[in-house]
Amino acid sequence: MLSVLVWFTLLGGAQAADLKGRVMDANTREVLAKAALRVLPDGPKAETNSSGDFVLTAVPAPPFALLVTCVGFKPLRINVTDPAAILEIALTPDTLRRTESVNVSAGPFAIDTPASVSLAGNELRNLASVLADDPLRAMQGLPGVNANDDFSAQISLRGSSPQRIGVYLDGVLLHSPYHTLQGDSSGASLTLLSADLLEQAELHAGPIPAQFADRTAGAIDLRMREGDRKRIVGRASASMSNASTSLEGPLGKKEKGSWLVSARKSYLQYLIGRTSDLPSLAFAFWDVQGRLAYDVARNHTATLSVVHGSSGLDRKGAENTVGNNGYFYSDYDYTLARLGSRYAPHRSLM
């Protein structure tokens, strides 16, 4: 009888084991805090600490399924067969697209800029301001970069004016890609590009590569990513000033292409309209961006990118508070369309 009691005690201890491990970024290998873990379907839960470590207490007997989630990363479901092992879980950023092929290309100019700094994926969103999802505001935290003020998205390098710093999107020099008031350089501004659509943002503080010779003080090279070629993925986010949503998925069959679209709209003007009487804050904006990529042939890929944004000021109902020579109505629209084609007729010819 004693041996039977001991056997049941050991069995109960095996079923109430603890599962330990660490959660990190699959791209940068940095630890992730506040990641949530849950044994499916309704098992124990845990959360990673500042060091990325977690402890799941009283997990069931293996095998069982474990769901790991974190803001800005794709959810991961894993099957645990050995609860005594220390797990090392790597989460993939939700803006990172995995591909089975590697494209190698070279331009007419060699790129060798040791002074350049790149931001990609969650770095663009984590360094952006809480007020708005602005990729250029993330660049304001890099070494050597100075912001004009807290309300402006433009930057300056080594004391130079923002007009001498070029902003490029997939190699195209942009002219004032901001939500702002036309002709009013003293007002606030917001970049009309969403960080969810960007693969990376690279700052060239100097020396400037030859392909960015149109500006003399520096260049910001923005690269738009492609959509997911395997499945349809959607995400939504909200900040203090706007809400955004994005959707992506495959185009055609056999993963020959992808589509990606994102839209944002501000709601700060509604909040200010009900809490403040200042007519200068009645500012609203919306924008939409999209990209199509399709493999016409094995050696030929075509892309189409479209960016459109609209912003304006409407001080209706505040006629008595607007001073002389002040703005009453203002609209600013921006549209950019880019069609690209990459064709290699032979492996020895670029």
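Ground rules come first. The model is predicted, so local features need pLDDT of at least 70, side-chain atom pairs count only at pLDDT 80 or more, and totals for chains, interfaces and linings use all residues. Residues are numbered from 1 along each chain as its sequence is written, and side-chain values use heavy atoms, with hydrogens and water left out.

Let me start with charge. Side chains of opposite charge can pair when their charged atoms come close. The model holds 11 salt bridges. The cut-off is a side-chain nitrogen of Lys or Arg within 4 Å of a carboxyl oxygen of Asp or Glu.

Take E88 and R29. Their side chains meet in a salt bridge at 3.1 Å, N to O. E88 lies in strand β7, residues 86-91, and R29 in the loop between β1 (17-25) and β2 (36-39), so the pair ties together parts that are 59 residues apart in sequence. Strands here are DSSP runs of E with at least two residues, numbered from the N terminus.

How exposed are these two? E88 is exposed, at 56% relative accessible area. R29 is partly exposed, at 45%. The classes run like this: buried is under 20% relative accessible area, exposed is over 50%, and partly exposed is in between, with a 1.4 Å probe and protein chains only.

Next, K34 and E47. This salt bridge has its closest N and O atoms 3.7 Å apart. K34 sits in the loop between β1 and β2, and E47 in strand β3, residues 45-47; they are 13 residues apart, and the pair links distant parts of the chain. K34 is exposed at 61%. E47 is partly exposed at 46%.

Now D221 and R223. Their closest N and O atoms are 3.2 Å apart, again a salt bridge. Is D221 buried or exposed? D221 is buried, at 5% relative accessibility. R223 is partly exposed at 30%.

There is also a network. R225, R235 and E248 are linked in it by salt bridges.

On to rings. A pair of aromatic rings is described by the distance of the centres and the angle of the planes. The model has one aromatic pair. Y168 and F212 form it, 4.7 Å centre to centre with 50 degrees between the planes, which is tilted. For the cut-offs, rings of Phe, Tyr and Trp (its six-membered ring) pair if their centres lie within 6.5 Å; planes under 30 degrees apart are stacked, over 60 edge-to-face, and the rest tilted. Y168 lies in strand β11, residues 165-169, and F212 in the loop between β15 (198-204) and β16 (218-224), so the pair ties together parts 44 residues apart in sequence. Both Y168 and F212 are buried.

The side chains of R291 and S305 meet at 3.1 Å. A polar contact is a pair of N or O atoms within 3.5 Å; within protein, one must be able to donate a hydrogen and the other to accept it, and residues adjacent in sequence count only if both atoms are side-chain atoms. R291 belongs to strand β20, residues 283-297. R291 is buried, with a relative accessible area of 10%.

Last, back to L304. This residue is in strand β21, residues 300-314. L304 is partly exposed at 35%. That is my tour.

Note on methods:
Helix = DSSP H or I, 4+ residues; strand = E, 2+ residues; numbered from the N terminus.
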